[in-house]
Amino acid sequence: MLVLQGGKVQQQFLPLEAPLSQEDLSQTAGQINAQLGGADAEKIQQAVEAAPAFVRDVLELVVELMHRADFVATAEMVHDGLTNMLKTPEYSDPELVSRTLRILEEQSLLGEYLSRALGSEVGGVQVVIGGEGDWEDLRDCSMVIARYGAPGLATGALGVIGPMRMAYGRTISAVRYVSSLMSDLVTETLSG
């Protein structure tokens, strides 16, 4: 269980390789809280490398939850080009249209997909084809996504969602280019 600044609580199960006593778990939690209580995700990520195996697993999960919470909490979704996407032959199936619209309308669901697929690193393009077995709602779609911004200060994500039969080369190039422009703009705005 992770309590974020502002009181938001994130809960996630962590499978253990071997059973640990409640005393060991409480002691580990106390040590983590004493050393990293109030730290940001970047500082916690730096502590991962020097941590013992179990603590490393916990800290990596904490960083992931923090990034997920940051992304979902501040996400403002902007959709454009939906009409063009719905004109493709794949979207003549009403069930597919309904599933795709549900993904786009439920911002928390789309935010979760994006934060899990992207991670915390700025730069680089991720391609998710057919939900890659993890996201049933995306089984007929592809996403080409990238995170942009100034690491540790402000980040966002942009991407293209569409049928699996998209022009990947052109789409990846466009997403990479626009995310680079957005990163430059964010960095310039924050430093200027």
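What share of the contacts in the protein chain with a separation of 6 or more is accounted for by residues 24 or more positions apart? In this predicted model, such residues account for 53% of those contacts. The protein chain contains 7 helices and 5 strands, and buried residues make up 35% of its 192 residues.

**Overall architecture**

- Read from the N terminus, the elements of the protein chain follow the order β-β-α-α-α-α-α-α-β-β-β-α.
- The accessible surface of the protein chain amounts to about 12,000 Å², and carbon and sulfur atoms hold 52% of that area.

**Nonpolar cores**

- The largest nonpolar core comprises 19 residues, and those with the most contacts inside it are Tyr113, Trp135, Leu138, Met143 and Ile161.
- At least two residues of this core come from each of helix H5 (94-105), helix H6 (107-118) and strand E4 (141-150).
- The greatest contribution to this core is that of H6, which gives 6 residues.
- Apart from this core lies another one, of 13 residues, which includes Ile32, Ala39, Ala41 and Val62.
- Within the largest core, Met143 is one of the residues with the most contacts. With neighbours within four places in sequence left aside, Met143 is in contact with Tyr113, Leu114, Gln126, Val127, Val128, Trp135, Leu138, Val160 and Ile161.

**Second largest pocket**

- The volume of the second largest pocket is about 150 Å³.
- Its lining consists of Leu14, Pro15, Leu16, Glu17, Ala18, Leu20, Ala53, Phe54 and Asp57.
- Sorted by class, this lining has 7 nonpolar and 2 charged residues, with no polar residues.

- Thr100 is found in helix H5, and it counts as buried because its relative accessibility is 1%, under the 20% limit.
- Neighbours within four places in sequence aside, the contacts of Thr100 are with Met85, Tyr91 and Cys141.
- Arg99 is likewise found in helix H5. This residue has 10% relative accessibility and therefore counts as buried.
- Beyond its neighbours within four places in sequence, Arg99 is in contact with Glu136, Asp137, Arg139 and Asp140.
- Arg99 and Asp137 lie 38 residues apart along the chain, while their C-alpha atoms are separated by 6.1 Å.

- Met166 is placed in the loop between strand E5 (154-163) and helix H7 (168-191).
- Although in a loop, Met166 counts as buried, because its relative accessibility is 14%.
- Not counting residues up to four places away in sequence, Met166 touches Ser142, Val144, Val160, Ile161 and Thr171.
- One of these partners, Ser142, is 24 residues from Met166 in sequence and 7.9 Å from it in space, C-alpha to C-alpha.
- Ile161, another residue touched by Met166, is among those with the most contacts inside the largest nonpolar core.

Note on methods. Residues are numbered from 1 along each chain as its sequence is written. This is a predicted model: local features need pLDDT of at least 70, side-chain atom pairs count only at pLDDT 80 or more; totals for chains, interfaces and linings use all residues. Side-chain values use heavy atoms; hydrogens and water are left out. A nonpolar core is a set of buried Ala, Val, Leu, Ile, Met, Phe, Trp, Tyr and Cys residues joined through side-chain atoms within 4.5 Å. Buried means under 20% relative accessible area, exposed over 50%, partly exposed in between (1.4 Å probe, protein chains only). Helices (H or I, at least four residues) and strands (E, at least two) are DSSP runs, numbered from the N terminus. Contact means heavy atoms within 4.5 Å. Accessible areas come from the Shrake-Rupley method with a 1.4 Å probe; for residues, only the protein chains shown count as cover. On a 1 Å grid over the protein atoms alone, a cavity is a set of points where a 1.4 Å probe fits but cannot get out, and a pocket is an open set with protein on both sides within 12 Å along at least five of seven lines; lining residues have an atom within 4 Å of a point. Grid points are joined across faces, edges and corners, and a volume is the space filled by probe spheres set on the points. Ala, Val, Leu, Ile, Met, Phe, Trp, Tyr, Cys and Pro count as nonpolar, Asp, Glu, Lys and Arg as charged, and the others, Gly among them, as polar.
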